[in-house]
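This report describes a sheet and the helices packed on it. Please keep the model in view while reading.

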Amino acid sequence: MIVVYGIKERLNPIKSQLSDVIHGCMQSVLGMPEDKRAHRFVPLERDDFYYPGGRSDAYTVIEINMMAGRKPETQKALIKAIFRELESQLGLPPVDVEITLKEQQPYQWGFRGMTGDEAKDLKYKVNV
């Protein structure tokens, strides 16, 4: 699951494009299938979103929650691909983007009535 935060006036107009860019990177780097897009957007009022100096009001925070198992080089490749594609496709400079990967063990995920370590029919690999 991916959660994206930003100032609503800047985030709302680009939500669909942001989703496409992020998911495209998830597919190309992690091998995620097209139908595994789980994105949540949290548009915030300006006075509810404090961010570091040197950033513009386009500052965007992307939190990626995923099952543990990806190699550090794979995770780094994902982060760099997102930075690159957001700048290339949306003109969003890397200084205005913060990306965090949050890993949980498969047994800490619950979906379709089971935990992640019980799922034997995933259409993607976790250990890449």
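## Terms and basis

Buried means under 20% relative accessible area, exposed means over 50%, and partly exposed lies in between (1.4 Å probe, protein chains only). Helices (H or I, at least four residues) and strands (E, at least two) are DSSP runs numbered from the N terminus.

This is a predicted model, in which local features need pLDDT of at least 70 and side-chain atom pairs count only at pLDDT 80 or more, while totals for chains, interfaces and linings use all residues. Residues are numbered from 1 along each chain as its sequence is written, and side-chain values use heavy atoms, with hydrogens and water left out.

The open sheet has 4 strands in the order 2-1-3-4, with mixed pairing; two strands pair if DSSP finds at least two bridges between them. Strand 2 (39-44) and strand 4 are the edge strands, each pairing on one side only. From one strand to the next the twist averages 15°.

Strand 3 (residues 60-67) pairs with strand 4 (residues 97-104) in the parallel sense over 8 bridges. Glutamate 63 has threonine 100 of strand 4 as its bridge partner, and methionine 66 stands opposite glutamate 103 in strand 4. Strand 1 pairs with strand 3 in the antiparallel sense over 5 bridges, and isoleucine 2 stands opposite isoleucine 64 in strand 3.

## Helices on the sheet

Helix 2 lies across strand 1 (2-7), strand 2 and strand 3, at about 145° to strand 2. Axes are lines fitted to C-alpha atoms, for helices over the stretch in contact, and angles run from 0 to 180 degrees between N-to-C directions. Contact means heavy atoms within 4.5 Å. Helix 3 lies across strand 3 and strand 4, running at about 150° to strand 4.

## Helix 2 against helix 3

Helix 2 (residues 15-30) packs on helix 3 (residues 72-90) at an angle of about 145°, and their axes are 9 Å apart. Residues in this contact include Leu18, Val21 and Cys25 of helix 2 and Ala77, Ala81 and Ile82 of helix 3. The contact has 12 nonpolar, 3 polar and 1 charged residues. Ala, Val, Leu, Ile, Met, Phe, Trp, Tyr, Cys and Pro count as nonpolar, Asp, Glu, Lys and Arg as charged, and the others, Gly among them, as polar.

## Leucine 90

Leucine 90 belongs to helix 3 and is partly exposed, with a relative accessible area of 23%. Not counting residues up to four places away in sequence, leucine 90 touches Gln17, Leu18, Val21 and Glu85. The C-alpha atoms of leucine 90 and isoleucine 14 are separated by 8.2 Å, although the two residues are 76 residues apart along the chain.
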